[in-house]
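Work through the exercises below with the sequence and the model side by side. Try each task before reading its solution.

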Amino acid sequence: MSGELVNMGELAQHVSDGSAYHLPEFLGVHLELPTICGLQLTRFMVVEVAVAALMILLFVPLAAKMKSGKPLRGRFWNLLEVFLLYLRNEVIVPSIGKKDADRFTPFLWTVFFFVLFCNLAGLVPWFGASPTGALATTSVLALSTFVILICSGMKKFGIVGFWVGQVPHMELPLALSIFLKPMLFVIEVLGLLIKHVVLAVRLLANMFAGHLVLAVMLGFIAATADKFALWIGVTCASVFMSVCLNMLELFVAFLQAYIFMFLSSIFIGMAQHQH
Amino acid sequence: MTLNVWGISSMNLKTFETKPCSRKTFVGTIALAVSTFAYWASSVSVFAAEVEEKEKGLEPLAWQTDLAIWTAVVFVILLVILWLFAFGPIVKALDLRERNELARLAATEKSAADAKDLLRQYQQKLEDSEEEVRKILNDAKTDAQKQADAVVAEARLLAAEERERALRDIQNASDVALQEIAEKSASLATLLAGKIIKEELDPAKHARLVENAIADVAKQ
């Protein structure tokens, strides 16, 4: 590979955040994002706002159509409803329980579609890479699950009750319980924190790695540009592999959104039904 | 033994069982916790910004405080808007639809049960009617058999009476004939005896005489 033509730093810029849009050179447009009140706008910020706007444009009219309680008409609205119903009936209700599920359903739907659309945004040419390929984004999403979990748990069991409830019930003599239970408490609380850190890292790693592999795959084309015969073969193979990987990425975008929401609902369910 | 912890909730020290606090206490404690967390987060963000400045442009996975705050703001605003105007109403609409569907299902099940009941009633009526028809037919058959038997019996009786009368007539006629035969035989015997007495009879004459007498009787 020709190191002069391509380096990993440049490739990483195409899958990580930045303050400019890399449009094709023949368009002659270099879009530099502005700074607002000292805050430099980045591609991920723009994508997040676009995703939020798209979700509002999709789901507010859907809510208006569903308000009457009658079945929806139209394939598109039914498709959206299928998503919502599947997540509610097959994931959220079994994880949290019928009684409490509806209190958390709006949050979990928001998390799922926000993550999904952010993941899919990375597959749209020139729109910018996935914001879920940034640690800051996934951490905030995992933190939101953590905050909802803690607040709902404390509301249900009381502040002390919630934290004490992290320790499994054990029939121990008082002396032993004074020794063991604080240790178990520390382990359980650390476990709770680690679960959410892993939640953030899992999504980040999957999305970033996928986009990086795609970028590397296409980078082979530029790397062999100085050897025409090799370039033809590598270009065909790279384009074919990129198409296959894009299909995989499409699947991964849905899968990771589902996993993030699924694990969030399980964690919330565990907080609602203590040991 | 119970202990009141920070006025938040009551905890049994032996079993570690607690009771939930009131809403007012809960909100106050959460506000205190959030403000403490905000102070801590601001300290961390200053530290993170310093680290970020050093790592900028080198590490694609570096922490971006601006993006984190931006994401949090966008996500919270999105969550509130969707909760109020989309997902909240959708959950209510789904509940409403679920209730309607359940009511419709219950009504359908009731209708099905009513229809089944009605069907059972009609089947019972049909079976009763069939039973009645069968009974009527059996009765009719029995009556017809009885009438036929009566007619046959009457016919047999009449035939028997007729036969009795015929036999009686025959008997009477036979008796009359025998009477007449007896009377004729007696007169013939008397006549024959008279003739026998008049002439002496040898065996051949005797036999001829008897034959003649029989022939006379036959002629008469």
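The exercises that follow concern a predicted model, and each task is followed by a worked solution.

**Exercise 1. Describe the make-up of chain B: how many helices and strands are there, and in what order do the elements run?**

Step 1. Chain B holds four helices and two strands.
Step 2. Read from the N terminus on, the elements of chain B follow the order β-β-α-α-α-α.
Step 3. Of the 220 residues of chain B, 10% count as buried, and among the contacts in chain B between residues at least 6 apart in sequence, 13% join residues at least 24 apart.

**Exercise 2. Examine where chain B touches chain A: which elements of chain B give two or more residues to this side?**

Step 1. The contact draws 41 residues from chain B and 46 residues from chain A.
Step 2. On the side of chain B that touches chain A, the elements giving two or more residues are strand E2 (9-12), helix H1 (23-55), helix H2 (65-85) and helix H3 (87-198) of chain B.
Step 3. The element that gives the most to this side is H2(B), with 14 residues.
Step 4. Sorted by kind, the residues on this side of chain B comprise 30 nonpolar, seven polar and four charged.

**Exercise 3. Characterise the packing of H5(A) against H7(A): at what angle do the axes cross?**

Step 1. Helix H5 (residues 135-157) of chain A and helix H7 (residues 174-223) of chain A have axes that come within 8 Å and cross at roughly 145 degrees.
Step 2. The crossing of H5(A) and H7(A) is right-handed.
Step 3. Among the residues making this contact are A:Leu135, A:Leu141 and A:Phe146 of H5(A), together with A:His196, A:Leu199 and A:Leu204 of H7(A).
Step 4. The residues of the contact of H5(A) with H7(A) divide into eight nonpolar and four polar, with no charged residue.

**Exercise 4. Explore the largest nonpolar core: which element gives the largest share?**

Step 1. This core has 68 residues, and those that touch the most other members are A:Met55, A:Leu108, A:Val111, A:Phe112, A:Phe114, A:Val115 and B:Ile90.
Step 2. Elements of chain A and of chain B give two or more residues to this core, including helix H2 (43-66) and helix H3 (75-96) of chain A, and H2 and H3 of chain B.
Step 3. The largest share, 14 residues, comes from H4(A).
Step 4. Leaving aside residues up to four places away in sequence, B:Ile90 touches A:Leu62, A:Ala63, A:Met66 and A:Leu84.
Step 5. Another core, of five residues, lies apart from the largest one, and among its members are A:Met154, A:Phe157, A:Ile159 and A:Val160.

Notes:
Residues numbered from 1 in each chain as written. Chains lettered and ligands numbered in written order. Predicted model: local features only at pLDDT ≥ 70, side-chain atom pairs only at ≥ 80, totals over all residues. Axes fitted to C-alpha atoms, helices over the stretch in contact; angles between N-to-C directions. Left-handed = near helix turned anticlockwise from the far one by under 90°. Contact = placed C-beta atoms within 7 Å. Nonpolar A, V, L, I, M, F, W, Y, C, P; charged D, E, K, R; others polar. Core = buried A, V, L, I, M, F, W, Y, C linked by C-beta atoms within 7 Å. Buried ≥ 20, exposed ≤ 12 C-beta atoms within 10 Å, placed from the backbone.
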